Structure formats: C-alpha cells, structure tokens
Amino acid sequence: MTLDPADWPAFRAQAHRMLDDMLDYTRDIRDRPVWQPAPEEVRARFRAGIPEAPSELGAVHDEFMRDILPYAAGNVHPGFMGWVHGGGTPVGMLAEMLAAGLNANLGGRDHAPIEVERQLVRWMARIFGFPESASGLFVTGTSLANLIGVLIARDADLGFEVRCLGVSASAKKLAAYASAAAHGCIAKALDIAGIGSDALRPVETDARHRVSVGALREAIREDRRKGLTPFLVVGTAGTVDTGAIDDLDALASLCRDERLWFHVDGACGAPELAPRLAGIERADSLAFDFHKWGQAPYDAGFILVRDGVLHRNTFATSAPYLRREQRGLAAGAPWPCDYGPDLSRGFRALKTWFTLKVYGTAALGASIARTCALARYLESRIEATPELELLAPVELNVVCFRYRSEDAQRINPRIAIELQESGVAAPSTTVLEGRLAIRAAIVNHRTSEREIDLLVEKTVDLGRAMEARAGSSRAPLQSADAFWPPQRAREESLRELDGRLLEDPDSVSLRFERAGLLAELGRGIEARNAYIDVLSRDPANRLGLNNLGTLLYSTGYRTAARTAYAEAVARHPDDPMGHVNLGNILHEIGEHGAAREHFEAALRLDASHAEAHQGLSYVLAELGDRKGAEEHRRLGFQDRALCSMPYRGEGPPVSLLLLVSSVGGNIPTRHLLDDRVFRTHVVLPEFYDAKIPLPPHQIVFNAIGDADLAARALTAAQSLVALSGAPVINLPSAVMATGRADHGRLAHLPGVVTPLTVTLPRDLLVSPEGPAAVARHGFRFPLLVRTPGFHTGRHFLKVESALALAAAVEQLPGQEITVIEFLDARGADGKVRKYRAMMIDGGIYPLHVAIASQWKIHYFTAEMAERADHRAEDAEFLENMPGVLGERAMAGLARIQSTLGLDYAGIDFGLSGTGDILLFEANATMVVNPPEADERWAYRRPAVERIFAAVKKMLIRGG
C-alpha cells in the first residue's frame with residue numbers, strides 16, 4: 001500500500017490552496033492581531049484521541065486554518081517584539097517545502113544537500129574571519145550550538161579520552177566564566193557536559209551591561225589560587241536582556257594570555273555593526289541563529305569552530321553500519337554526524353542557502369541595521385514621553401523601558417500582558433537590577449515606525465487607565481479619631497435590645513439577636529455566654545447551635561465547636577448548614593471520610609450549596625480524587641471569588657485585600673488579622689473577574705504561600721495585584737520562587753546546607769527501576785518522600801533502604817512524589833532539633849525549637865510537654881536566638897531572608913556540627929499559633945505576641 005495520493009490532480013489543487021493560504025497569511029499579516037489566546041473549545045479539540053480512520057486532506061487543512069493558524073505565537077507579525085524571534089520570509093517558507101519534498105537526511109553520505117551545508121560553512125568562515133580549515137554545523141538553535149562549543153572546550157582541556165572515561169576520571173575541577181547577563185543555556189550546557197552548572201562563574205557587568213574584563217581576570221586568578229582549572233570564557237554578542245555586546249577583543253586577548261577557550265554566543269552581520277564585533281574573528285567557536293536576524297524559518301542554529309580537527313575529535317565515532325567508502329553513496333567523509341550529536345538531521349541548510357542567494361548579504365545586513373535604527377527610534381519616543389522611562393542603554397535592537405508609577409513593579413507586567421492580549425503589540429518583560437522592565441526586541445524585517453508608535457501609545461494608554469483603576473480601588477486613609485458610624489450603630493442597637501429585654505425577658509428571639517450583636521462587636525466571651533443562654537431556653541435552636549460552634553471555633557475551642565455542630569446536625573438533619581460546619585471541623589482534624597459524608601449529605605439537601613462544594617473539594621483532594629476535587633472547586637468558587645469579612649472595631653479600619661487560593665496552601669491568618677483593626681476582603685485570584693473593580697483597600701496581603709500547590713492562583717494573583725494601587729505584602733512573583741523543589745538559589749549561600757530535592761513520577765518510584773532512578777539523581781538512603789502540597793508532616797515518610805522505597809511511596813497520594821535528601825539534625829545527645837524562625841518585614845523572630853527522638857518533628861507532637869528541660873531549651877532560644885545559633889547560622893538566616901525577598905515567611909531548620917543551617921524548608925506557609933492556656937507554655941507567649949505585633953505594624957504601616 002502506498003501513501004501517495006490516489007488522485008494527483010485533486011491533491012495538486014488542494015496543495016495550491018494550502019500554499020495560497022499561507023502566502024495570503026504572510027501578505028495580510030498586519031490585518032491580524034499579533035497574538036490571541038486559544039479559546040478553551042479550541043484547546044479541547046487537541047485532547048481528542050489518536051485517529052484510526054483516514055481524513056480528507058482538505059478537512060485537516062480546514063482544522064489547521066481554524067484551530068492552529070489564528071493562535072500561533074505571532075512572530076511573523078511586525079508587532080511581535082517579545083522575544084528574539086525572526087519573522088521568516090516567503091522565500092524561506094518555499095525552501096522549507098522543497099527540503100521536505102527531498103526528505104534528505106544530512107547525517108552523512110555523498111549527496112548534494114550536504115554540499116549546500118558545506119558551502120554555508122565556508123561562507124560563514126569567510127564572513128567572520130575564520131580560516132578555511134574551520135568547521136561548522138547546522139543545529140536546532142544556539143542552545144545546542146553552545147553545548148557543542150562547551151564540549152569541544154572540555155575535551156580540548158581534559159583530553160579526548162574524557163569521552164570514554166568521563167569527567168570524574170580527571171583530577172581537574174573545571175571552571176567557566178560568562179557575563180552575569182549571559183543566556184541561561186550556558187549553565188545548562190555545562191550541566192549536560194557533566195561539568196556541572198556550578199562550574200559557571202557569573203561575572204559582574206558594567207553600566208552598559210557588558211562583562212567586566214577586570215572582574216573576569218580577578219575571578220580567574222582567584223579560582224586558580226583555589227586549585228580550580230579555568231578552561232572556558234563565553235563572550236556575548238548581544239545579551240538576551242538588553243542586547244549588550246561584550247568587549248570581544250579584550251576577551252580574546254585575555255583568553256590568549258590565560259590559555260582559555262574563547263566561545264562567543266550570538267553574532268550578526270550588519271556592516272555598520274562590524275566595529276562593535278571586533279575580536280569575534282579571534283574566537284575559538286561561535287554560536288548563532290539564522291532563524292533570528294537571518295530571517296530563515298525555524299529552526300536554523302549554527303556552530304562555527306576555528307579548529308575543525310578539535311571539533312571532529314569531540315564527536316567522531318565509528319560503527320559498522322556507518323562504514324565510509326571512497327566511492328558510492330557511502331563516500332564523502334567526513335560526514336556532518338562527525339561534528340555533532342545527531343545522525344538523523346534535516347536539510348536546515350536549504351532555507352538559509354535560499355535566503356542568502358535570493359536576498360544577498362547586503363539586504364540582510366540592511367535589515368539588521370534597520371531593526372537597530374528602529375530601536376533607537378523607540379528610545380527617542382520613550383525619552384520624549386514623560387510617562388515612560390528607559391531602564392538600560394540601547395546597544396543593538398533591544399529596548400528595556402517601563403511606565404513611570406509609584407507601583408511600577410505591579411503595573412508594568414500587567415501592561416505587557418494587556419498589550420499582548422489586545423493584539424496590538426507583543427513585548428515581553430525582564431528584570432534589570434530589581435526593576436521590572438517591558439522589553440521590546442526588534443528582530444522582524446517587517447517592523448516599522450508604525451508598530452513602534454502603536455507600542456508607545458498603547459503602553460501610555462494602558463498605564464494611565466490602570467493608575468485610574470488603582471486610584472478608584474484604593475481606600476482613603478482616615479484619621480484614628482474619625483467617627484465610625486457602623487460600630488456606633490451596633491452599640492445603639494445593643495442598648496435598645498437590652499431595653500426591650502427588660503420588658504420581655506423570656507423572648508428567645510431577642511436574646512438570639514443580642515448574642516449576634518455581641519459577636520459583631522467583637523465581645524466574644526459575652527457572645528458565647530449569650531448563645532449558651534439562648535440554647536438553655538431553646539436547646540434545638542438551629543442558628544444558635546451553628547453560631548455558637550462558629551464562635552467557639554474562631555476563639556480556638558475546636559472540640560467544643562465540634563460538639564455544637566454535631567448537636568445541630570442531630571437535631572436538624574435536613575439542614576445543609578450544620579452538615580457543612582461539621583464537615584469543615586472533621587476535615588481539619590483529618591477525619592476525611594466522615595467529612596465527606598457530611599458534605600455529600602449537604603449537597604443531597606441542596607445541590608447548589610457553595611460551601612458544601614468547597615469543603616468537598618478539599619476532602620477529595622486529600623483522598624486523591626483530583627478530577628472530582630477540581631469539579632467541586634469550580635462549583636464552589638465560580639462567581640464567589642470575593643467575600644468581605646465583618647469588621648468589629650471601634651474606629652476606622654485598615655481596609656485589606658487578602659488573596660487566597662481555592663486549593664489551599666495559604667498562610668493561616670486567623671491570628672494575624674484582628675477584625676477590630678482590619679476590614680478584610682478575601683479574594684480568590686484564579687476565579688476573580690479582572691473586569692470587576694476591586695473593593696476599596698489600602699493594602700494587599702498575598703496569603704497564597706504554597707508555590708507547589710497553588711501555582712495557578714499565584715499566576716492569577718500577579719495579574720490581580722497589577723490592578724491595585726496599594727502596597728503588596730509578599731509579591732506573588734517572590735512566592736512563586738519558593739517551591740520545595742526550588743532550592744537552587746539557596747544552595748550556594750554560605751552557612752546554608754540545602755537538601756537535594758527532585759520530584760519524580762509515582763509510577764517510576766514504585767517500579768523496580770525506582771531505586772536506580774533516585775540513585776541517578778544523586779540520592780543515597782535513607783531519604784525522604786512526600787506528596788507535594790502538604791504540610792505539618794502529612795504524607796511525609798522516611799525511607800531507610802532501596803527495598804523499602806516502593807512500599808513507602810504506595811502509602812502516599814498523588815501522581816508525583818518529591819524525593820528529598822535526608823539531613824541528619826541529631827545533636828550530640830542523639831536528639832533531633834527543629835528550629836523555626838519567622839521573617840517579618842525585614843526582621844527575624846524566633847518562634848520555637850522542637851526537640852524529639854524521632855526524625856519527623858511537629859512542635860506539638862515533639863517531646864516538649866513532658867520534658868521541662870526541653871522547654872527550658874526552647875525558652876533560651878526564644879530569649880537569645882543569636883547566642884543559641886551562633887554568628888554563622890544567624891548570617892545564614894539573613895542571607896536566606898534576603899534571597900527569598902518575602903515580607904512574611906518562615907524557615908524550619910536544624911544546625912550542623914559546624915554551625916551551618918540545615919535547611920528543611922523556607923516559604924510563606926509557616927503557621928504561628930498562640931500557645932495553649934496551660935501555664936507550661938506561658939514562656940512562649942511574649943515571642944508569639946512579638947510576631948503578631950510585627951505583622952500588625954507591617955500591615956498598618958503599609959496601608
């Protein structure tokens with residue numbers, strides 16, 4: 001059976017239609033939005049199963065036109081400026097079609113397509129001043145080209161036997177150097193090469209964001225003094241953030257003096273830029289992309305190497321099935337597969353060959369120069385627009401700027417998103433010296449002054465509109481002695497009720513109303529006694545039982561609250577409210593099966609009961625039913641994304657917007673937000689309609705603390721805070737970087753030991769390959785496993801041996817399991833100590849030290865209540881944290897706090913024998929509970945009160 005068309009004329013007609021559609025798309029691209037998000041119904045069609053029956057080519061093409069073409073990234077459009085993507089050309093598109101028709105494999109053998117690639121290698125060597133003996137290769141992109149450059153440099157230093165023996169066989173410890181602004185793929189290349197990403201030394205930059213040659217020279221000297229072997233310097237010809245070009249000539253001279261491999265990442269060929277690339281001809285290797293400024297269609301990366309022999313020695317290998325001959329199809333050695341990792345290679349060279357042949361280097365150089373001129377034009381527009389400011393010098397074709405605002409960090413990312421969603425322009429964002437910038441990378445040959453003007457005008461329009469919206473959402477500040485009518489009205493109502501009760505002392509309804517008013521006034525003990533009085537007169541009072549339970553729960557009497565709710569359910573089994581209240585208590589104490597029964601009972605009584613859906617979503621998540629949890633979450637929170645809590649203060653409140661996630665993972669704020677001080681509006685960002693104005697507020701408290709569990713909510717929160725003009729406690733972007741598996745940025749802090757942490761598929765860990773898989777990631781037993789998204793030791797196990805791994809993982813819910821290196825925090829007495837410190841508004845506050853014999857410690861299950869000596873040690877920590885921990889550990893805590901960048905966070909940690917911090921976790925989810933009334937815990941109250949006071953002060957000052 002052949003797959004060729006049965007009807008060639010009909011196929012030809014359809015092929016012409018497809019070609020015409022793409023030519024029309026390119027010709028009329030300005031009539032389309034730059035980008036638009038794919039609707040859910042479109043995405044849903046891509047979740048359909050694999051087809052078994054055939055379809056007509058025309059029908060499939062119609063699907064392409066309907067579901068794919070309108071929702072592409074948009075880099076063909078002249079308004080696309082977000083990332084360094086070329087715009088492509090009709091010539092390149094046709095050449096790609098010809099290459100697909102030939103279906104040539106350029107891994108090797110003797111055929112004309114390889115000669116095309118070899119011709120391009122010679123052309124590039126001539127353009128960049130490399131010798132005729134230079135070698136080159138087309139690859140997917142610069143990321144792979146940089147990897148090839150790193151591998152050649154590695155082998156040149158360690159010797160080519162490293163290919164067989166591996167880097168661990170060498171006594172040398174290699175070090176590489178690049179600008180702090182270099183592309184992230186350099187570190188990844190070192191990782192893949194077996195050298196390790198830690199071998200990359202980021203070197204500081206100057207005011208123009210170029211690598212400091214003096215700092216580089218000093219870094220090399222210092223590493224040699226430590227016994228390391230510097231082997232590679234990576235220069236950048238156009239940094240990804242700002243387009244800065246390092247001083248390549250100075251780097252080349254330094255590398256010659258130090259006998260280091262000099263690799264350059266990025267290159268361009270515009271004649272007017274040639275003087276700024278002086279020194280590139282002295283590079284040992286050079287990586288760049290034709291699919292960017294070269295305007296070839298994706299993908300077309302390229303590596304050029306000065307010494308073709310070194311290049312070939314890094315990759316050449318032999319195999320019987322790849323035997324070379326002097327004649328026939330197997331002739332033509334050396335083959336391209338001798339210069340890179342791929343044996344199967346497409347004909348990438350053809351689209352580049354056509355582009356150069358049809359347009360010529362002069363036209364392509366002029367196009368590059370034109371994009372740089374447009375960048376300078378954008379620079380001039382920004383300088384002439386008071387609302388905008390430039391954040392970095394314009395070196396090439398990249399412009400970094402922002403809208404001026406007191407809340408620039410929040411408004412500018414939202415401007416970038418709305419620019420993209422409007423379809424007018426598609427910039428991206430970056431961060432320069434802590435300031436968020438809108439980044440326009442002008443690469444497309446179609447871009448003109450028109451698109452630049454639209455970008456500037458729309459940015460200013462959006463910024464003004466956002467500031468206006470933020471102003472309308474900001475609550476006005478009120479003086480502390482201002483008249484507060486709501487509280488005065490409640491007091492008057494209470495006095496009136498007391499008068500009516502004198503006339504009718506047996507009225508249960510009046511007594512119930514009085515209990516509610518006392519609760520609203522914040523007089524909790526009086527309200528509790530009033531509800532008890534109501535129930536003594538009417539034991540079956542439905543609202544009295546439920547309200548008493550809620551009041552008891554809010555004041556910490558959870559067991560008594562459960563009793564009240566259980567009585568409400570027993571007396572009113574057909575009332576969904578009682579079932580929901582009891583279900584919430586049962587869920588909190590871990591009785592998930594019983595909680596599920598009550599939530600489901602409530603839904604049988606009222607299928608639309610939002611709180612029952614919400615509670616059931618949490619229980620199902622605990623029980624591992626992710627799909628069910630998501631459905632009930634949607635039913636529970638859709639159209640209910642905002643809830644305003646009662647305020648019971650006597651004076652004007654601090655109006656606060658509290659962001660929480662519907663999936664959990666939130667900072668417990670019950671003891672932090674006094675309802676006599678704060679009027680709290682609770683918002684669920686993932687369900688909030690951004691078109692609806694936010695309630696007036698003076699400060700935003702992002703209480704979404706779990707970056708692993710609540711990633712979707714944090715993403716939505718980033719957009720939401722951009723609509724607010726108020727200060728934000730715990731920026732969502734800062735919280736997003738605190739996942740349990742993201743310890744990389746803390747791993748290099750002096751005085752801090754972080755555990756190796758990797759999240760792996762459950763199926764892999766329970767399989768016979770599980771122990772080998774964790775060993776490949778660098779783990780040794782014992783190790784820890786846990787389900788992401790849980791806290792307080794839940795779903796968290798220690799695995800002593802490889803034989804026990806599968807059984808341990810089987811006990812955990814979830815499809816992914818986090819594997820964590822076990823850090824032994826036992827002291828000389830054999831006890832494990834887990835310290836917790838809170839980081840509030842720049843200060844570090846001790847909360848407790850838990851001491852126990854077992855590895856997994858939670859404060860209230862540790863050996864504290866029964867051991868006076870342990871409590872004494874806890875008290876000493878609370879009174880003199882620096883003295884207990886020592887200078888090295890205190891400095892480590894300060895570094896962790898600075899790196900996290902959070903206003904409210906906590907850290908659980910142990911101490912090593914040398915005084916280092918043994919990091920267990922550091923994030924925003926840490927709970928601070930007041931100690932129980934038992935006098936054994938009286939010593940803890942001042943420390944907890946200091947934390948509560950620090951939070952209150954931070955929120956009031958911010959508001």
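I worked on a predicted model, in which local features need pLDDT of at least 70, side-chain atom pairs count only at pLDDT 80 or more, and totals for chains, interfaces and linings use all residues. Residues are numbered from 1 along each chain as its sequence is written, and side-chain values use heavy atoms, with hydrogens and water left out.

I took rings of Phe, Tyr and Trp (its six-membered ring) as paired if their centres lie within 6.5 Å, with planes under 30 degrees apart called stacked, over 60 edge-to-face and the rest tilted. The count came to 15 aromatic pairs.

I looked up F290 and F302, an edge-to-face pair at 5.7 Å centre to centre with 70 degrees between the planes. F290 lies in the loop between β6 (285-289) and β7 (301-305) and F302 in strand β7, so the pair ties together parts 12 residues apart in sequence. Strands here are DSSP runs of E with at least two residues, and helices are runs of H or I with at least four, numbered from the N terminus. Both F290 and F302 are buried, where buried means under 20% relative accessible area (1.4 Å probe, protein chains only). Ring pairs also link these two with F128, F138 and F288 into a cluster.

I then turned to F637 and F687, which are stacked at 6.0 Å centre to centre, with 25 degrees between the planes. F637 lies in helix α23 (residues 626-637) and F687 in the loop between β14 (678-683) and β15 (699-702), so this pair ties together parts 50 residues apart in sequence. F637 is buried at 6% relative accessible area, and F687 counts as buried at 10%.

Last, I checked charges over rings (NZ of Lys or CZ of Arg within 6 Å of the ring centre and within 35 degrees of the ring normal). R712 lies over the face of F687, at 5.5 Å from the ring centre, and R670 lies over the face of Y553, at 5.2 Å from the ring centre.

Definitions and conventions
Buried < 20%, exposed > 50% of the residue type's maximum accessible area, 1.4 Å probe, protein only.
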